[in-house]
Amino acid sequence: QPELGKPMRNCYSLPGPDFTYGMYLPKRDGGVAEAIGHWDAVKAKPHVRIMPRDFVTMGRMAVGEGCTTAREFALFYKFKDVRCKDEGILRYGCKVPPGMTFGRPPR
(Lines give C-alpha, C1' and ligand atoms only; values in the text may rest on other atoms or scores of the structure.)
Protein backbone atom coordinates (compact mmCIF):
# COMPACT_ATOMS: atom_id res chain seq x y z
CA GLN A 1 0.00 0.00 0.00
CA PRO A 2 1.17 3.55 -0.65
CA GLU A 3 2.28 5.76 2.17
CA LEU A 4 -0.39 7.99 3.58
CA GLY A 5 -0.78 11.17 1.57
CA LYS A 6 1.58 10.12 -1.26
CA PRO A 7 0.66 8.63 -4.62
CA MET A 8 1.60 5.04 -5.34
CA ARG A 9 5.00 4.71 -7.09
CA ASN A 10 4.84 3.09 -10.51
CA CYS A 11 8.58 2.96 -11.34
CA TYR A 12 11.65 1.07 -10.24
CA SER A 13 14.57 2.47 -8.30
CA LEU A 14 17.77 3.14 -10.25
CA PRO A 15 20.79 0.89 -9.72
CA GLY A 16 23.84 2.06 -7.80
CA PRO A 17 26.79 4.07 -9.16
CA ASP A 18 28.87 0.94 -9.83
CA PHE A 19 26.29 -0.47 -12.26
CA THR A 20 27.30 -0.55 -15.97
CA TYR A 21 24.61 -0.19 -18.60
CA GLY A 22 25.20 -2.35 -21.68
CA MET A 23 28.10 -4.68 -22.30
CA TYR A 24 31.59 -3.92 -21.00
CA LEU A 25 34.40 -4.56 -23.49
CA PRO A 26 37.69 -4.60 -21.58
CA LYS A 27 39.93 -4.70 -24.68
CA ARG A 28 38.50 -1.76 -26.65
CA ASP A 29 36.67 0.32 -24.07
CA GLY A 30 38.84 3.43 -24.07
CA GLY A 31 36.03 5.96 -23.95
CA VAL A 32 35.78 9.09 -26.04
CA ALA A 33 39.54 9.45 -26.51
CA GLU A 34 39.81 6.08 -28.23
CA ALA A 35 36.70 6.69 -30.31
CA ILE A 36 38.08 9.97 -31.64
CA GLY A 37 41.75 9.08 -31.93
CA HIS A 38 41.76 5.48 -33.13
CA TRP A 39 39.59 5.10 -36.22
CA ASP A 40 39.67 1.77 -38.00
CA ALA A 41 40.30 3.37 -41.37
CA VAL A 42 41.42 1.80 -44.63
CA LYS A 43 44.50 3.32 -46.22
CA ALA A 44 43.86 4.68 -49.69
CA LYS A 45 45.80 2.90 -52.42
CA PRO A 46 47.31 5.07 -55.14
CA HIS A 47 45.37 4.74 -58.38
CA VAL A 48 47.83 3.81 -61.11
CA ARG A 49 46.36 4.56 -64.49
CA ILE A 50 48.01 2.77 -67.42
CA MET A 51 47.68 4.86 -70.52
CA PRO A 52 47.45 3.29 -74.01
CA ARG A 53 50.51 3.08 -76.22
CA ASP A 54 51.23 5.98 -78.59
CA PHE A 55 51.91 4.11 -81.84
CA VAL A 56 52.19 7.29 -83.93
CA THR A 57 55.07 8.63 -81.86
CA MET A 58 56.71 5.20 -81.63
CA GLY A 59 56.46 4.75 -85.42
CA ARG A 60 57.98 8.18 -86.01
CA MET A 61 60.83 7.36 -83.62
CA ALA A 62 61.37 3.95 -85.26
CA VAL A 63 61.66 5.52 -88.73
CA GLY A 64 64.12 8.04 -87.31
CA GLU A 65 66.22 5.16 -85.96
CA GLY A 66 66.25 3.50 -89.40
CA CYS A 67 63.77 0.63 -88.91
CA THR A 68 62.41 -0.72 -92.20
CA THR A 69 61.05 -4.24 -91.59
CA ALA A 70 58.17 -5.41 -89.44
CA ARG A 71 60.56 -7.33 -87.17
CA GLU A 72 62.65 -4.20 -86.55
CA PHE A 73 59.50 -2.21 -85.78
CA ALA A 74 58.31 -4.91 -83.35
CA LEU A 75 61.67 -4.96 -81.57
CA PHE A 76 61.68 -1.16 -81.42
CA TYR A 77 58.14 -1.13 -79.96
CA LYS A 78 59.20 -3.74 -77.42
CA PHE A 79 62.17 -1.76 -76.10
CA LYS A 80 60.87 1.81 -76.59
CA ASP A 81 57.42 1.72 -75.01
CA VAL A 82 55.92 5.21 -75.33
CA ARG A 83 52.56 5.86 -73.68
CA CYS A 84 49.99 8.57 -74.46
CA LYS A 85 50.06 11.56 -72.18
CA ASP A 86 46.91 12.35 -70.23
CA GLU A 87 46.12 15.88 -71.36
CA GLY A 88 42.77 16.03 -69.58
CA ILE A 89 44.15 15.97 -66.05
CA LEU A 90 46.02 18.97 -64.67
CA ARG A 91 48.52 17.62 -62.19
CA TYR A 92 49.94 19.48 -59.21
CA GLY A 93 52.52 22.01 -60.29
CA CYS A 94 51.43 22.24 -63.92
CA LYS A 95 50.60 25.58 -65.48
CA VAL A 96 46.96 26.23 -66.20
CA PRO A 97 46.12 27.04 -69.85
CA PRO A 98 45.37 30.74 -70.42
CA GLY A 99 41.70 30.16 -71.36
CA MET A 100 40.94 28.01 -68.29
CA THR A 101 38.90 29.53 -65.47
CA PHE A 102 38.55 27.53 -62.23
CA GLY A 103 38.98 24.23 -64.04
CA ARG A 104 36.33 24.90 -66.69
CA PRO A 105 36.98 26.04 -70.27
CA PRO A 106 35.40 29.32 -71.39
CA ARG A 107 32.19 29.28 -73.42
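Q: Why does Asp 81 count as partly exposed?

A: In this predicted model, Asp 81 has a relative accessibility of 39%. Buried means under 20% and exposed means over 50%, with partly exposed in between. The value of 39% lies between these limits, so Asp 81 counts as partly exposed.

Q: What makes the contact of Arg 53 and Asp 81 a salt bridge?

A: The side chains of Arg 53 and Asp 81 meet at 3.0 Å, N to O. A salt bridge requires a side-chain nitrogen of Lys or Arg within 4 Å of a carboxyl oxygen of Asp or Glu. The distance of 3.0 Å is within 4 Å, so the pair qualifies. This pair links distant parts of the chain: Arg 53 is in the loop between α1 and α2, and Asp 81 is in the segment after α3, 28 residues apart.

Q: What joins Arg 53, Asp 81 and Arg 83 into one network?

A: The structure holds two salt bridges. Asp 81 also meets Arg 83 in a salt bridge, at 3.1 Å, N to O. Salt bridges that share partners join Arg 53, Asp 81 and Arg 83 into one network. Arg 53, at 30% relative accessible area, is partly exposed, and Arg 83, at 36%, is partly exposed too.

Q: Why is the pair of Phe 55 and Tyr 77 called edge-to-face?

A: The rings of Phe 55 and Tyr 77 are 5.8 Å apart, centre to centre, with 75° between the planes. Rings pair if their centres lie within 6.5 Å, and planes over 60 degrees apart count as edge-to-face. Phe 55 lies in helix α2 and Tyr 77 in helix α3, so the pair ties together parts that are 22 residues apart in sequence.

Q: What is the arrangement of the rings of Phe 73 and Tyr 77?

A: Phe 73 and Tyr 77 form an edge-to-face pair, with 6.1 Å from centre to centre and 70° between the planes. Both residues lie in helix α3, four residues apart, which is about one turn of the helix. Phe 55, Phe 73 and Tyr 77 form one aromatic cluster.

Q: How do you know whether Phe 73 is buried or exposed?

A: The relative accessibility of Phe 73 is 18%. Buried means under 20%, so Phe 73 counts as buried. Phe 55, in contrast, has 46% and is partly exposed.

Q: How do you know where the buried residues of α2 lie around the helix?

A: In α2, the buried residues are Met 58, Gly 59 and Ala 62. Seen down the axis of α2, they fall within an arc of 100°, so they line one face of the helix. What covers these buried residues includes α3. The face turned away from the buried side carries the exposed residues Val 56, Arg 60, Val 63 and Gly 64.

Q: What makes the pattern of the protein α-α-α?

A: The secondary structure comes to three helices and zero strands. Read along the sequence, this gives the pattern α-α-α. Buried residues make up 7% of the 107 residues in the protein.

Conventions: Residues numbered from 1 in each chain as written. Predicted model: local features only at pLDDT ≥ 70, side-chain atom pairs only at ≥ 80, totals over all residues. Heavy atoms only, no water. Phe/Tyr/Trp six-rings, centres within 6.5 Å; stacked < 30°, edge-to-face > 60°. Helix = DSSP H or I, 4+ residues; strand = E, 2+ residues; numbered from the N terminus. Buried < 20%, exposed > 50% of the residue type's maximum accessible area, 1.4 Å probe, protein only. Arc of directions from axis to C-beta. Contact = heavy atoms within 4.5 Å.
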